[in-house]
Amino acid sequence: MLLAAWCGLLALGIFWVQSHLRVSADLRLFMPSPRTEAQRLLIQNIGESPASRLLLLAIDGDQPARIADLSRRYGAALAARPEFAFVANGAQPPPGIPEELLAYRYLITDSFDAAPLDATRLASELEDRAADMASPAAGFLEDLLPRDPTLELLHLAQRWQPRAEPHQVDGVWFAADGRRALLLVQTRAAAFDPDGQTQALATLEDQFAQARGGSGAKLTVSGTGYFSAVIRNRTQYEATWFGSFDTLGLITLLWLAYRRFVFTILVVLPLLTAGLAGLTVVSLVFDGVHGITIAFGFTLIGVAQDYPIHLFSHLRRDETALATARKVWPPLATGVASTCIAYLAFLMSGVIGLAQLACLTITGLLAAGLTTRYLLPRIAPLPGSDPARSAWLARLGRRIEGLPRPAALYVAIPVAALAVFLWRPEGFWENNLSKLTPVPPELLKRDAQLRRELATPDLRYLLVASGDSEDAVLAALEGLDTRLAGAARAGAIGSYEHAAQFLPSAGLQQKRRAALPAPAALADMLERAAADSPFEADVFEPFLADVERARTLRPLTRADLHDTPLDLRLGGELFTRDGRWYGLISLYDVHDPGAVARLATGPVTFLDLKAASEQLVAAQRSHVLLCLEIAAVLLLVVIAVTLRKAARILRVLAPMILTTLVILAVLRAADVSLSLFHLISLVLAAGLGLDYALFFEHAADDPAEQQRTLHALLVCSATTLLVFALFSLSTVPILQAIGVTVSLGVLSNFLLALLLTRERARA
Amino acid sequence: MLPSALLLLTATVASSQGLEALEQRLARTPPVSTDFVEYRFSHLLKKPLRSSGTLEYRADGVMVRNVLKPARETTEVDGEQVRITRAGKATRSLSLQRAPQLRVLLGSFRALLQGKLTPLRQDFDVTLAGDAGQWTLTLKPKDPTLAKHLARIDVYGREDKPACLEALEPDGDGALTLFAAAPPAAAPPTRADIERTCRTPAAPGAAAK
């Protein structure tokens with residue numbers, strides 16, 4: 001009856017969670033909340049900036065000419081797909097001013113800033129054009145000259161192509177080795193939208209398969225979005241695989257331990273309750289739950305399977321299950337409470353993802369603890385066998401009894417750990433933000449190589465101008481332009497790009513407009529200049545018309561460029577967020593970061609994304625560590641209040657503290673830098689250690705109780721070790737970090753609790 | 001240094017009319033250099049624009065077009081890079097990656113200077129008319145974008161020597177380049193005069209300096 005109600009409730013819970021849970025994939029949920037302007041820009045830049053939505057593609061495996069042809073057809077096919085904002089492979093014409101905005105070139109160009117368009121200038125321009133007419137390019141310029149005798153369009157086109165482009169073969173981009181064609185696509189989906197990215201990647205593959213035909217050419221993809229999709233899919237794949245294997249192992253272990261299948265099912269009930277309760281509360285409290293929170297949270301909640309094991313291992317044929325539950329409750333409750341306190345630290349960490357994780361885990365553990373105490377005993381059957389009567393357990397118990405109780409460990413472990421820390425003091429903490437979004441190194445290497453070939457902007461250094469309006473930002477960018485050009489000349493940077501190069505500020509446009517000659521004056525100047533040139537005077541009518549039109553135009557704004565090729569370029573460089581405008585200055589080939597930093601004055605900020613992210617990670621960590629310290633004090637208080645005697649307190653806390661030192665020392669010796677995920681795993685391991693110690697301590701010197709406790713803890717540690725040892729084989733760095741840390745913790749905690757906490761049994 | 005002497009270096013008269021045969025006859029080992037006179041006919045111009053200078057293909061693979069008149073100008077084509085230097089002005093450079101049609105056009109000049117005709121088939125429909133003594137090579141661009149600016153190139157030559165190159169644009173404008181030739185009569189020639197000179201090349205050596 002109770003079982004049916006419980007199962008019914010669980011089914012309802014599953015239904016509710018399925019319809020209400022909104023899973024988010026935004027990795028920024030796991031990043032620290034930004035404090036400074038630079039940090040805010042950094043976090044915004046991750047995932048949403050146009051640069052982060054770029055995917056880099058390479059095609060190889062066939063003859064260059066065929067690859068070039070393939071790249072052209074593939075590029076055209078991709079450009080027609082809605083998943084991509086733009087596609088570039090070298091075959092596209094450079095972005096130009098759209099036909100209807102052509103007259104604006106006289107407000108955009110810097111050609112007449114130093115000296116206005118006057119008779120002298122016009123005469124000299126026509127002289128140059130005459131020379132152009134005697135060049136092989138004459139045939140191409142002829143169409144342009146009547147409208148644009150000063151070649152402003154060419155001047156702007158050149159100005160807008162400042163960066164070094166990749167090599168070309170047959171008119172499309174190729175790597176320097178001439179064997180791989182290169183393409184650049186920008187997805188519409190944000191980089192950390194694995195669903196959108198997975199779809200974009202599928203489209204890339206489909207279109208490639210179609211364009212390839214019978215050729216043996218291969219496609220390689222890289223980029224932030226690709227990583228997020230790959231990591232998600234790989235994590236999902238490994239998690240599923242480990243999950244099935246774990247389930248199988250767990251069933252086997254539990255059957256071996258209790259010899260009755262019903263116990264296996266009963267172990268699952270509190271666990272399932274824990275997961276559902278956690279998910280329900282998290283989706284009620286938070287807006288969307290991160291996929292990592294769920295995956296990770298379930299790992300942490302997995303500890304709850306220990307609770308029913310403690311109950312079942314202590315069941316006796318001569319005692320009701322409820323009575324047993326009452327007896328195991330004190331150590332169990334202390335364990336649950338102290339683990340929850342530890343996770344409380346993450347709740348206050350200021351990182352949304354961690355807070356979600358903590359909320360999920362605390363709710364889950366409480367639910368599992370309470371159901372184990374109050375519901376499970378009411379439906380648990382009589383045990384098949386009492387571990388206290390198991391012959392092999394008794395033998396094992398006697399062997400353990402014979403082991404020494406090396407009090408020296410209290411000193412030896414801290415001293416050894418200290419020695420390791422002194423031996424290898426460098427790199428204790430992982431400060432690299434990218435390590436928090438774990439991408440296998442070989443993929444990162446390939447990415448760096450493709451970025452070099454495609455000459456994408458510097459990923460580390462950035463200058464940012466900010467202001468109250470679009471125009472204020474453009475003016476700030478203009479104000480810096482002379483110094484930027486100076487830095488490029490001096491070799492501090494290779495080149496740079498910013499929005500004001502495409503779209504000057506209103507003030508500058510008005511100034512240029514005012515400097516344009518009046519129609520009659522210009523016609524007069526032109527007539528005189530043409531008279532001295534080989535050109536017919538009347539062919540330049542379209543030029544006169546354009547200048548006249550330019551004199552009446554109101555300054556061009558971002559909005560006018562909507563849906564033009566320039567809009568795409570500007571999209572990433574000039575944007576508004578939370579009421580403030582930002583203009584990014586992309587830098588290419590930064591040789592002297594110090595010189596670039598000195599350019600940042602007034603509204604312009606220098607952004608060293610690496611340093612900013614390291615500061616951010618460090619700040620986040622010190623905050624989390626502070627919270628953990630507070631939690632540790634709280635935990636001590638709880639343990640002290642429960643156990644009261646100093647000797648008992650020491651015996652219970654020793655395995656957990658010493659194990660933490662052991663794990664830290666081992667990781668340090670293996671030169672592993674600690675990340676946030678290690679910290680979470682350390683807390684998980686500490687929680688397990690505390691549980692083990694509490695139960696050993698609780699069993700005191702009663703041999704039968706000791707044997708049941710030994711049974712329970714053997715099952716607990718074996719099942720936990722099974723899960724985490726598998727994790728440590730994972731190719732996903734996060735899973736591996738957790739796996740190694742917790743496996744080490746389980747082993748060390750169990751052994752130390754056995755040696756240091758367990759009392760000698762009465763003879 | 002007599003440029004025409006260089007052009008004569010590997011002179012052989014073959015009877016074959018194929019492109020390969022012509023290629024063999026035209027083949028030169030750089031450096032190769034020749035004088036030129038060019039007339040441009042354009043609806044933008046009051047009269048045909050005459051320029052003259054030298055065209056050379058250096059041993060380092062750089063093609064140089066030196067204009068001496070009406071104003072000094074040097075254009076160097078070095079792989080994908082083009083550098084243009086005019087008297088009293090800073091050198092400008094541009095990448096042919098951004099001007100693919102210009103690249104094809106310049107490529108055809110280089111091919112003629114070097115005598116490597118077969119690669120031209122990649123960008124042009126190539127036809128050859130006449131015999132070894134007097135031939136006409138016609139290049140029609142394959143790329144539709146280039147075809148908007150260039151209808152065809154006719155190269156007129158005798159034996160082992162291209163004598164004149166006529167580039168015709170779809171709108172009737174165009175340019176005529178006479179190689180190693182003495183400029184026609186000093187009086188302002190008509191387009192028809194120049195075309196006649198171009199299309200009926202003199203015997204080799206006769207017009208050389």
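## Briefing on a predicted two-chain model

Strands β8 (residues 134–141) and β9 (residues 152–158) of chain B pair antiparallel over six bridges; strands count as paired if DSSP finds at least two bridges between them. The model is predicted: local features need pLDDT of at least 70, side-chain atom pairs count only at pLDDT 80 or more, and totals for chains, interfaces and linings use all residues. Residues are numbered from 1 along each chain as its sequence is written, while chains are lettered from A and ligands numbered from 1 in the order in which they are written. Helices (H or I, at least four residues) and strands (E, at least two) are DSSP runs, numbered from the N terminus.

**Sheet of chain B**

- B:Trp135 has B:Gly157 in β9(B) as its bridge partner.
- An open sheet of eleven strands in chain B runs in the order β6-β5-β4-β3-β2-β1-β11-β10-β9-β8-β7, with antiparallel pairing.
- The edge strands, each pairing on one side only, are β6 (92–95) and β7 (124–130) of chain B.
- From one strand to the next, the twist averages 20°.
- Helix α5 (residues 191–199) of chain B packs on the sheet and touches β1, β9, β10 (161–168) and β11 (174–179) of chain B. The direction of α5 makes about 45° with that of β11(B); angles run from 0 to 180 degrees between N-to-C directions, and axes are lines fitted to C-alpha atoms, for helices over the stretch in contact.

**Contact between the chains**

- Chain B contributes 26 residues to the contact and chain A 20 residues, where two residues are in contact if their C-beta atoms, placed from the backbone, lie within 7 Å.
- On the side of chain B that touches chain A, β1 (32–41), β2 (49–57), β4 (73–78) and α3 (100–114) of chain B each supply at least two residues.
- α3(B) gives the most to this side, with five residues.
- By class, this side of chain B has twelve nonpolar, six polar and eight charged residues. Ala, Val, Leu, Ile, Met, Phe, Trp, Tyr, Cys and Pro count as nonpolar, Asp, Glu, Lys and Arg as charged, and the others, Gly among them, as polar.

**Chain A: overall and β2**

- Chain A holds 29 helices and 13 strands.
- Of its 763 residues, 45% count as buried (20 or more other C-beta atoms within 10 Å of the residue's own, with C-beta atoms placed from the backbone).
- Strand β2 (residues 54–60) of chain A has six of its seven residues buried.
- β2(A) pairs antiparallel with strand β6 (residues 181–187) of chain A over six bridges, and A:Leu54 has A:Gln186 as its bridge partner in β6(A).
- Five bridges join β2(A) to strand β7 (residues 218–222) of chain A, also antiparallel; A:Ile59 has A:Leu219 as its bridge partner in β7(A).

**Helix pair in chain A**

- Helices α8 (residues 194–212) and α9 (residues 224–258) of chain A pack at about 105°, with axes 8 Å apart.
- α8(A) and α9(A) are therefore roughly perpendicular, a term covering angles of 65 to 115 degrees.
- Residues of α8(A) in the contact include A:Pro194 and A:Leu201, and those of α9(A) include A:Tyr226 and A:Arg232.

**Nonpolar cores**

- In the largest nonpolar core, of 148 residues, A:Leu57 and A:Ala181 touch the most other members. Such a core is a set of buried Ala, Val, Leu, Ile, Met, Phe, Trp, Tyr and Cys residues joined through C-beta atoms within 7 Å.
- Helix α27 (residues 676–699) of chain A provides the largest share of this core, 17 residues.
- Another core, of 66 residues, lies apart from it and includes A:Ala137, B:Leu22, B:Leu117 and B:Phe124.

Technical notes: A residue is buried if 20 or more other C-beta atoms lie within 10 Å of its own, exposed if 12 or fewer, and partly exposed in between; C-beta atoms are placed from the backbone. Angles under 35 degrees count as roughly parallel, over 145 as roughly antiparallel, 65 to 115 as roughly perpendicular and the rest as oblique.
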